[in-house]
Amino acid sequence: MRGIRWILLPGLDGSGDLFEWFARCRPDVEIHVVRYPANAGWQIDDYVAHADAAIAYGRACVVVAESFSGPIALKLQRRNASVAGVVLVASFVICPNPLLKIVPAAAFRSHLRTVLTSSLLMRAMCPGFAASRARVEAVQRIVRAIPVDVLRARLRLLRDLDERDALRQVDVPLLAIAANHDRLVSVQGNFFGPGSEHVALDGPHFLLQAKPEKCWQVIDE
């Protein structure tokens, strides 16, 4: 673990602020959080280029990609030779939920607002029922800050997502951590293959926020 840089790629919010609890668990390691600009015109390759620019070459790193950033991490490891391993958390390589293909983006924005204004729904779909009130409110504040046009654009990217080729081209160790009670991602894709490992944990979609210590334990092992 020592000497390795840990590069954290954020979920749909893009801010990286949701990594607070995960990063706090390991003050002994070097962690760099990549933050995506709120650019509604970006495609997947733009996110890959941004993440690539944030990683200095020459020192080995492990990329931990949450949800939305899974496909970005897979393409990044082909582009940047410094990436020595990839950890995907509650992520996917194809459209993560069939509803994205049939429900208008505007409806998802309305649904998101309902979730954000209901602590019960937020607990069920994101950090889980065991999360403290303070943690639930913190997640609500972070997700509320996503500009509507950026949220719409990122959801559109996921509708037609298919990065199975990028998955097949991974040539570094790959660990995929899935959430058994994920109410947001219903289609994760097949992460099994040479050099890959798949672990399922009991928890909600926001595994890194709900069970940060357990996620680190799985990664260490």
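Reply: Strand β5 and strand β6 (residues 196-201) run parallel and are joined by six bridges. Strands are DSSP runs of E of at least two residues and helices runs of H or I of at least four, numbered from the N terminus; two strands pair if DSSP finds at least two bridges between them. This is a predicted model, in which local features need pLDDT of at least 70, side-chain atom pairs count only at pLDDT 80 or more, and totals for chains, interfaces and linings use all residues. Residues are numbered from 1 along each chain as its sequence is written, and side-chain values use heavy atoms, with hydrogens and water left out.

Me: Which residue stands opposite Ala 178 in β6?

Reply: Ala 178 belongs to one side of β5, together with Leu 174 and Ala 176. Strand β5 is joined to β6 by six bridges. The residue of β6 opposite Ala 178 is Ala 200.

Me: How many of the residues of strand β5 (residues 174-179) are buried?

Reply: Buried means under 20% relative accessible area, exposed over 50%, and partly exposed in between (1.4 Å probe, protein chains only). In a regular strand the side chains alternate between the two faces of the sheet. Leu 174, Ala 176 and Ala 178 are buried on one side, and Leu 175, Ile 177 and Ala 179 on the other. The count for β5 is six of six.

Me: What is the angle between the planes of Phe 22 and Trp 216?

Reply: Rings of Phe, Tyr and Trp (its six-membered ring) pair if their centres lie within 6.5 Å; planes under 30 degrees apart count as stacked, over 60 as edge-to-face and the rest as tilted. There are five aromatic pairs by this rule. Phe 22 and Trp 216 are stacked, with 4.4 Å centre to centre and an angle of 5°.

Me: How many residues apart in sequence are the parts that this pair ties together?

Reply: Phe 22 is buried at 0% relative accessibility, and Trp 216 is buried at 2%. Phe 22 lies in helix α1 (residues 20-24) and Trp 216 in helix α11 (residues 212-220), so the parts tied together are apart by 194 residues.
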